[in-house]
Amino acid sequence: MIDFADDAQDLIAGYRRFRARRYREARDLFHNLRDGQQPATMIIACADSRADPAMIFDAAPGELFTVRNVAALVPPYDESGGLHGVSAALEFAVTRLQVKQIVVMGHGGCGGIAASLAAAADRPIGRFIAPWVELAADARDAVLGDPSIPRSDWQEAVEHGAVGQSLKNLTSFPFVRSAYERGDLSMDGAWFSIGKGELHWRDPDTGAFSVVAAEDTQIDQDNKI
Ligand SMILES: [Zn+2]
């Protein structure tokens, strides 16, 4: 019997709950997924512990091919040397799994976006974080250069803008562009409000985000009448 370290106790307890409940309910599904996956959707999300795509979209195993990184950023296509983790996942999802849609999901209170704003104020954070979040620099600089956006809205405006920047970078990958032009792939942006548990969807024409109506919203409205 392994003597689990104290730090691992919560994980092991969680694993045992998983085995007792969710795995027991989905045992056949896991068995059928043993030899392969055919997810229709790729999600690019932040690594933040509070914005878990599988939970937000109530997805079963095998449904979402997910990449999570700091601030849900997609780098532009780049053939130079380097270890391109997001690009490798994107290539696999689009050319091998042939996913039908890609959704880039940012979220409220994103530490990566806060780091991008800090870098603009000459306070770069981290050896690796600061250069990574520079991927959102264009979106950030557009917000900082817009006098109509008050400082109190900068964070959320850059969170929204960074989703648009990542969607734009997606189209710099030739295999993404050709799948999109064939009509085999759609791309969308989303943003999750952690405090309210609300999903906001991006209008591809305007770049504006609107809240997605949810069942409980309807119930609340009904109760008011
Ligand atoms: Zn984040």
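**A mixed sheet and its helices**

The model is a predicted one, in which local features need pLDDT of at least 70, side-chain atom pairs count only at pLDDT 80 or more, and totals for chains, interfaces and linings use all residues. Residues are numbered from 1 along each chain as its sequence is written.

Strand 4 and strand 5 are antiparallel and share 4 bridges; two strands are taken to pair if DSSP finds at least two bridges between them. Between these two strands the hairpin has 4 residues, and G197 takes a positive phi near 65° there. H200 also stands opposite V211 in strand 6. Strand 5 (residues 198-202) and strand 6 run antiparallel and are joined by 3 bridges.

On the other pairing of strand 4 (residues 186-193), 7 bridges join it to strand 3 in the parallel sense. Within this pairing, F192 in strand 4 is the bridge partner of H107. The complete sheet is open and contains 6 strands in the order 2-1-3-4-5-6, with mixed pairing. Strand 2 (64-69) and strand 6 (209-211) are at the edges with a single partner strand each, so one side of each has no neighbour in the sheet. From one strand to the next, the twist averages 25°. Angles of this kind run from 0 to 180 degrees between N-to-C directions, and axes are lines fitted to C-alpha atoms, for helices over the stretch in contact.

Strand 3 (residues 101-107) contains V104. Is V104 buried or exposed? V104 counts as buried because it has 26 C-beta neighbours inside 10 Å. The cut-off for a buried residue is 20 or more other C-beta atoms within 10 Å of its own, against 12 or fewer for an exposed one and partly exposed in between, with C-beta atoms placed from the backbone. Apart from its neighbours within four places in sequence, V104 is in contact with I44, A72, V74, V163, S166, L167 and G189. A contact requires that the C-beta atoms of two residues, placed from the backbone, lie within 7 Å. The C-alpha atoms of V104 and A190 are separated by 6.1 Å, although these residues are 86 residues apart along the chain.

Helix 6 (residues 111-120) packs with helix 9 (residues 154-170) at an angle of about 110°, and their axes are 10 Å apart. Helix 6 and helix 9 are therefore roughly perpendicular to each other, a term for angles of 65 to 115 degrees, whereas angles under 35 count as roughly parallel, over 145 as roughly antiparallel and the rest as oblique. From helix 6, I113, A114, S116 and L117 meet W154, Q155, V158, E159 and A162 of helix 9. The residues of this contact comprise 6 nonpolar, 2 polar and 1 charged. Here Ala, Val, Leu, Ile, Met, Phe, Trp, Tyr, Cys and Pro count as nonpolar, Asp, Glu, Lys and Arg as charged, and the others, Gly among them, as polar.

Altogether the chain has 11 helices and 6 strands, which are DSSP runs numbered from the N terminus, of H or I with at least four residues for helices and of E with at least two for strands. Of its 225 residues, 28% count as buried. Among the contacts with a separation of 6 or more, 62% are between residues 24 or more positions apart. An automatic or database assignment divides the chain into domain 1 (1-36) and domain 2 (39-224).
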